[in-house]
Amino acid sequence: MKFSLPEKKLPSKNTQRPAKRQHLAGGLNAANNDASSDSDKEQSLTAYYSSAISIANTPEEKKRRESRSKRFEKGQGHRAEINYLKQKNAGAGNLYSRRASALMISKSFDDSGSKAVEDIDWDALTVKGTCQEIEKRYLRLTSAPDPSSVRPEEVLEKALLMVQNSQKNYLYKCDQLKSIRQDLTVQRIQNQLTVKVYETHARLSLEAGDLPEYNQCQSQLKTLYAEGIEGCDMEFAAYNLLCVILHSNNNRDLVSSMSRLTEGSKKDKAVKHALAVRAAVTSGNYVMFFRLYEDAPNLNSCLMDLYVEKMRYRAVSCMSRSYRPTIPVSYIARVLGFCRTSDANDEDSDGSGLVECLEWMKAHGACLASDDGGEIQLDTKASSSSLYMPEPEDAVAHGDANLAVNDFLTRTSL
């Protein structure tokens, strides 16, 4: 008899729920049937959540909630649980209302977004510089820029010309160019002057071997070229290819970079050279690699410089396993780019290339010997097991030579 009453009440409690679920299920089914595109999905979800809110706010549903709350409020010992359930249900209702309101707000924003943008005074938000100093150090912004410390466009053109004609070191030029870039950014200047600044900084970074700074300039140049601003886009397309080929192991980046090349760009001299370097590196053709290194256009050789050490080691390792018993060092010097091809007929008259090759091979553990004629030979059998890649002379444990302890202690206080 104790369990008979709940069994009889259960059907009465659930008699009203299927009707509500049918309404909700009808809205959900309608949303699923019309979900042919993203816009249809948003409309169906908006309709579903709005119908759920309307059903939850009907007078009949409110009366049911009030009657249930009065029935449960009779027990004073369960008030804490009732308050907890009310908060939980209120949060669930707010969740549906927030989703529906967010969808409707986004839809209204898309409909009237252009009018709101036109009403904004962008000129009032843009900094207009008044500084007339051509030379200015780069400092990170920690607050809103002051117009009196920002140089206008005509002064920035003079500053760029000053940097191009300067005879100072790379650190000074890099600091000045970053300052120019900052002034262009805070004034929202994006024209041919901006492209010239980033191209100049990228070239200087390549000549100094500063790949991180070059990557920053290259990413901005991609955006500027995509906006239709003219510049040396073919030259930097070749640099981008070489950077991905030689200094990145991500094949996806390489495929995406090559897929963006048009038929006209593939005929450009610098781009053709970069694609030939890619074929030489992929196939391990070190002879072709160093021929391309000698005939590299623009600054392609600067990016190849950072890969020459690895390619030479691979070449000597391959020779040590392939040739027996010895190889003339003079031949290795010509193949590995220590001696230019134009000097091959003169047999390297000054001998600098041969000396450099000998020092490089000794530093990498090669076994050398002299034949009866006095010519230095590479002992391939002994060298196949003794070759190694030496550590850089300025290497430190944490990877940054500028943070070495001895260098830090010898610095003067500012």
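Two strands pair if DSSP finds at least two bridges between them. Helices (H or I, at least four residues) and strands (E, at least two) are DSSP runs, numbered from the N terminus. This is a predicted model, in which local features need pLDDT of at least 70 and side-chain atom pairs count only at pLDDT 80 or more, while totals for chains, interfaces and linings use all residues. Residues are numbered from 1 along each chain as its sequence is written, and side-chain values use heavy atoms, leaving out hydrogens and water.

**Strands**
- β2 (residues 368-370) and β3 run antiparallel, joined by three bridges; Ala369 has Gln377 of β3 as its bridge partner.
- Five residues separate β2 and β3 in a hairpin, and Gly374 in the turn has a positive phi of about 90°.
- β3 (residues 376-379) is also joined by three bridges to β1 (residues 326-328), again antiparallel, with Ile327 opposite Leu378.

**Helix α9**
- Arg188, which follows α9, has a positive phi near 55°.

**Nonpolar cores**
- A nonpolar core is a set of buried Ala, Val, Leu, Ile, Met, Phe, Trp, Tyr and Cys residues joined through side-chain atoms within 4.5 Å.
- The largest has 58 residues, and those touching the most other members include Tyr214, Leu246 and Phe289.
- Helices supplying at least two residues each to this core include α10 (192-208), α12 (233-247) and α16 (300-322).
- Another core, apart from it, has 13 residues, among them Leu160, Leu184, Ile189 and Leu204.

How values were computed. Buried means under 20% relative accessible area, exposed over 50%, partly exposed in between (1.4 Å probe, protein chains only).
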